[in-house]
Amino acid sequence: MQISVKLVGTFAKYLPSPNQGNTVDLDVDSGTTAAQLVSILGLPEHQPFIVSVNDGIVPRSDRDSTVLQSTDSIKIIPPLKGG
Amino acid sequence: MGWQRKILRVNLTDGHIQSEPLNMDWAQQYLGERGLGTKYLYENMDPSVDALDPGNVLIFATGPLTGTMASTSGRYAVITKGALTDAIACSNSGGKFGAELKFAGYDLLILEGRAPQPSYLQIYDDDVKIVSAEPIWGKTVWETEAWLKSHHQDPLMKVASIGVAGENLVRYACVINDLHRAAGRSGVGAVMGSKNLKAIAVRGTVGVTVDNPKRFMEVVKETKAKLAQSDDVQELTDYGTNAMIDMMQEFGGLPTRNFQEVQFEGVDNINPSAMTRERPNGHVNLLTNKACFGCTIACGRISHIDKDHFTISNRPEYWHASGGLEYETAFAFGPDCGVDDIDALTFAGFMMNEHGMDPISFGGTLAAAMELYELGVITDEDTDGIPLNFGNAEALTIMAEKTGKYEGFGKILGLGSKRLCEKYGHPELSMTVKGQEFAGYDSRALQGMGLGYATSSRGACHMKHDVFGPDMEDQTGAGKALPCKKSQDKISIIDSTGLCWFTLSGWKITDFQAQIDAACEGDWNVPRLYETGERIWNLERQFNLKAGLTKADDSLPPRLLNDPAKSGVAKGKVNELGKMLPEYYEVRGWNEEGVPTDQTLERLGL
């Protein structure tokens, strides 16, 4: 199946090619989880970034059990900091 | 060492100038900068006096690491009773002024009274004079700095000054140093204006010393390497603080149109990508980044405005480069006012620096005025004929200049959001705590941030706590009180070092501890640092209680408590302050009224 993933702000550097803006369409196996997506994208797992599915945050502890759907709105948001 | 062991006390009323030894017992209890400045403020004034009364005391405080080889060692703080908040104010700044004050031999500069006529203070090491400011009164910050350097024939002189806004007691006037670095919050510039003090011009040749130079240099080398190797620090260097705008937009915590919404449709026009995007005419907003004294991060932005833009097409005096958009400026002028014209935002930012005003408070006040305008409470008759609709870029730039020059409706905007909304009978529309406008983080999405806003000693502020981690994990108030308290204590001590807390992107508390311990006499271990931070926080609380503040001032506006977020991760949620605050008081060791218990005060030696 194909999923669309938005890598927000400074995380655009992890976008695989080809991509459009800061969004990429990925072909993944049916049943792919949020944790597997993080691995596919090569995101720095030690950082407290946010995986958001349909505007809801997927807790880190739930990433393994959260199965992604092709209709999902998926966003990866870098760690929030002051400034 | 670390400390210069000397303070400079200037009574502006009678012109008496004296240096005196630093109280080393207090230095050991409060470290420096914010902490030591708070202690001196508390012991040198009656907190109940009006902020603009000559009885208020204005303190410029360096830290033991200010001016050293440590990274980001350019910080100093201005501590006083805030003109915007009527609470304790502690606004810190970077640039080079703080280090120069330290090089002149002083840990603190204490300013008392009110000069009988407009004056500036000239400091050349021990040679200190109060000088007539007649030639520069009424001039902008930029004109003032240029005049002082020219008049004294000293281009290396460092200047902290106020603009016309500060002279006229605009409630959120700030102190600007090095053209575009600001002790920005709570109206410390208005206090300076109330003292008839236009500027402080300083040159120092004394230098700094540390307790254990060899160990200090080893630690500094290690800690600088950590910053250099940090991805988070590199992001600050590459993108500046405005990188936050994309994250808050997607998170749903980007306050928009006076906090009526939490996401802004125009964000792509004002984010870091927009700052670096080349336009058809070849113009690019961002020119380069810039570092403060000793900083190895360089998060500052230097920008210029398109010469074809309506703000400057006929004003070549603004065709130069100057301080560009940081996140808070971008948020306050952009989403909060509904404006997505990046050149208009940049111009309004120039106005803040040139005239000496806090962009967060100006933007928040204008946003409140825009809501009042759209509700029909104020009309074109009030606003000098300028339509104040959300999204009106021209209104943003005109009002920024009018407020800076203290003209027309700008005088009303200069009251700040709280006083402005009260004036027009709608106090509920003021997005403030203790009279100070919010930063760019909506506390319906970031619950712990809301608790931090409500309990910050200087009013709504995002820089006195750091609960981002827990706030990212869940959007309820559960479990936020303790991390909020701990981070407040931690930042209280970092604010007392002379270093910048953006280093937390690459350092842990142990990295600060190693540098403090090498620079200062005494055993500065981590538990002692946290205890010192807690002592500082509680002394600020004591100041505010004596100033007349109560539990009722630890609050959030009704909009954040009653009106659910319309979108984003916190859609449908309001802030849960009512649950968090009692838990916070408990972990603080305060009673139900928010007053530190005798046991807490005794434990902290207060």
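Predicted model: local features only at pLDDT ≥ 70, side-chain atom pairs only at ≥ 80, totals over all residues.
**View 1. Chain B meets chain A.**
The contact joins 22 residues of chain B to 17 residues of chain A. Three helices of chain B each supply at least two residues to its side: H8 (231-239), H9 (244-251) and H18 (468-473). H9(B) gives the largest share, five residues. By class, the side of chain B that touches chain A holds ten nonpolar, six polar and six charged residues.

**View 2. Helix H8 of chain B and its packing.**
H8(B) is one of the helices that supply at least two residues to the side of chain B touching chain A. Buried residues in H8(B) are B:Val233, B:Glu235, B:Leu236, B:Thr237 and B:Tyr239. They pack against three elements of chain B: helix H7 (213-229), helix H10 (272-276) and E13. Just after H8(B) comes B:Gly240, with a positive phi of about 70 degrees.

**View 3. B:Pro470 in helix H18.**
B:Pro470 sits within helix H18 of chain B. H18(B) also supplies at least two residues to the side of chain B that touches chain A. B:Pro470 has 20 other C-beta atoms within 10 Å, so it is buried; the cut-off is 20 or more. Neighbours within four places in sequence aside, B:Pro470 is in contact with B:Gly448, B:Gly479, B:Lys480 and B:Pro483. B:Ile297 is 173 residues from B:Pro470 in sequence, and their C-alpha atoms are 26 Å apart.

**View 4. Strand E1 of chain B and its two partners.**
Strand E1 (residues 6-11) pairs with strand E2 (residues 17-21) of chain B in the antiparallel sense, over five bridges. In this pairing B:Leu8 stands opposite B:Ser19 of E2(B). E1(B) and E2(B) make a hairpin, with five residues between the strands. In the turn, B:Gly15 has a positive phi of about 80 degrees. E1(B) also pairs with strand E6 (residues 108-112) of chain B, here in the parallel sense and over five bridges. B:Asn11 has B:Glu112 in E6(B) as its bridge partner.

**View 5. A three-stranded open sheet in chain B.**
The strand order is E13-E14-E15 (chain B), and the pairing is antiparallel. Strand E13 (286-290) and strand E15 (322-323) of chain B are the edges; each has a single partner strand, so one side of each lacks a neighbour in the sheet. Strand E14 (residues 300-303) of chain B is joined to E15(B) by two bridges, and the two run antiparallel. B:Ser303 has B:Ser322 in E15(B) as its bridge partner. E13(B) is also one of the elements that the buried residues of H8(B) pack against.

**View 6. Domains 1 and 2 of chain B in contact.**
The domain assignment divides chain B into domain 1 (6-203), domain 2 (242-433) and domain 3 (448-568 + 580-603). The centres of domain 1 and domain 2 of chain B, taken over C-alpha atoms, are 27 Å apart. Their contact takes 31 residues from domain 1 and 24 residues from domain 2 of chain B. On the domain 1 side, helix H4 (141-151) and helix H5 (164-167) of chain B are the elements that give two or more residues. H5(B) gives the most, with three residues. The domain 1 side has 14 nonpolar, 13 polar and four charged residues.

**View 7. Helices H12 and H14 of chain B side by side.**
The axes of helix H12 (residues 342-355) and helix H14 (residues 393-405) of chain B come within 9 Å and cross at roughly 5 degrees. H12(B) and H14(B) are therefore roughly parallel, as angles under 35 degrees count as such. From H12(B), the contact includes B:Ala344, B:Phe347, B:Ala348 and B:Met351. From H14(B), it includes B:Ala393, B:Leu396, B:Thr397 and B:Ala400. The contact residues divide into eight nonpolar, three polar and three charged.

B:Asp86 is not a glycine, yet has a positive phi of about 55 degrees. It lies in the loop between strand E4 (76-81) and strand E5 (88-93) of chain B. With 23 other C-beta atoms within 10 Å, B:Asp86 is buried. B:Asn196, not a glycine either, has a positive phi of about 60 degrees. Its loop runs between helix H6 (188-194) and strand E12 (197-203) of chain B. B:Asn196 counts as buried, with 20 C-beta neighbours inside 10 Å.

Notes
Residues numbered from 1 in each chain as written. Chains lettered and ligands numbered in written order. Contact = placed C-beta atoms within 7 Å. Helix = DSSP H or I, 4+ residues; strand = E, 2+ residues; numbered from the N terminus. Nonpolar A, V, L, I, M, F, W, Y, C, P; charged D, E, K, R; others polar. Pairing = 2+ DSSP bridges. Domains from an automatic or database assignment. Axes fitted to C-alpha atoms, helices over the stretch in contact; angles between N-to-C directions. Parallel < 35°, antiparallel > 145°, perpendicular 65-115°, else oblique. Buried ≥ 20, exposed ≤ 12 C-beta atoms within 10 Å, placed from the backbone.
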